[in-house]
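Subject: Structure handover

Hello,

Here is the structure I promised to pass on. My notes on it follow below.

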Amino acid sequence: MAIRGDVSKEAEVQAMFRKMFDAYGTIHILVNNTGLQRDARFVDMTLHDWEFVLSVNLTGPEAFSQLLTLIPYGRIGDPEDIGRAAVWLASDASDYVNGTSVYIDGGMTVTVAFSLRGY
């Protein structure tokens, strides 16, 4: 399913989620892959371009993350969860993954309860 929307606008992100939930009832996979660039030297970049890049690259992913705080996985992880991710990261399938952190926590770090109480 492809859903068109402007990720720099929270209302459109919410609408995309509603369409997905209406069609499938839940979410199994979300690739939060938003981003663009406007090539210009810093001193030559217009304020409009600067704000547009920030709204897509920062505001969009944050809007997705805020909605996902309502959807933690609902169980304690086990060693196999870590192992599967480690095997994938060590494989050729992840050769383009570079310089990032991978949180393997079932969504726990983005839940309100975890952020307030640490569990």
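This is a predicted model: local features need pLDDT of at least 70, side-chain atom pairs count only at pLDDT 80 or more; totals for chains, interfaces and linings use all residues.

**Val-56 and its surroundings**

Apart from neighbours within four places in sequence, Val-56 is in contact with Val-7, Ser-8, Thr-34, Gly-35, Leu-36 and Pro-61, where contact means heavy atoms within 4.5 Å. Leu-36 is 20 residues away from Val-56 along the chain, and the C-alpha atoms of the two are separated by 7.1 Å. Val-56 lies in helix H2, which covers residues 47-68. Helices (H or I, at least four residues) and strands (E, at least two) are DSSP runs, numbered from the N terminus. Val-56 counts as buried because its relative accessibility is 8%; buried means under 20% relative accessible area, exposed over 50%, and partly exposed in between (1.4 Å probe, protein chains only).

Residues are numbered from 1 along each chain as its sequence is written, and side-chain values use heavy atoms, with hydrogens and water left out.

**The chain as a whole**

The chain has four helices and zero strands, so from the N terminus on its elements run α-α-α-α. Of its 119 residues, 17% are buried. Among contacts with a separation of 6 or more, 44% are between residues 24 or more positions apart.

**Aromatic pairs**

There are two aromatic pairs in the structure. Rings of Phe, Tyr and Trp (its six-membered ring) pair if their centres lie within 6.5 Å; planes under 30 degrees apart count as stacked, over 60 as edge-to-face and the rest as tilted. The pair of Phe-17 and Phe-21 is tilted, because the ring centres are 6.1 Å apart and the planes stand at 45 degrees. Both residues lie in helix H1 (residues 10-24), four residues apart, about one turn of the helix. Phe-17 is buried at 6% relative accessibility, whereas Phe-21 is partly exposed at 29%. The other pair, Phe-42 and Trp-50, is edge-to-face, because the planes are at 80 degrees, with ring centres 5.8 Å apart. Phe-42 is exposed, with 64% relative accessibility, and Trp-50 is partly exposed, with 39%.

**The second largest pocket**

What lines the second largest pocket? It has 13 lining residues, and Met-1, Ile-3, Met-20, Ile-29 and Leu-30 lie nearest its centre. On a 1 Å grid over the protein atoms alone, a pocket is an open set of points where a 1.4 Å probe fits, with protein on both sides within 12 Å along at least five of seven lines; lining residues have an atom within 4 Å of a point. H1 gives the most to this lining, with four residues. The space in the pocket is about 330 Å³, a volume being the space filled by probe spheres set on the points.

Regards
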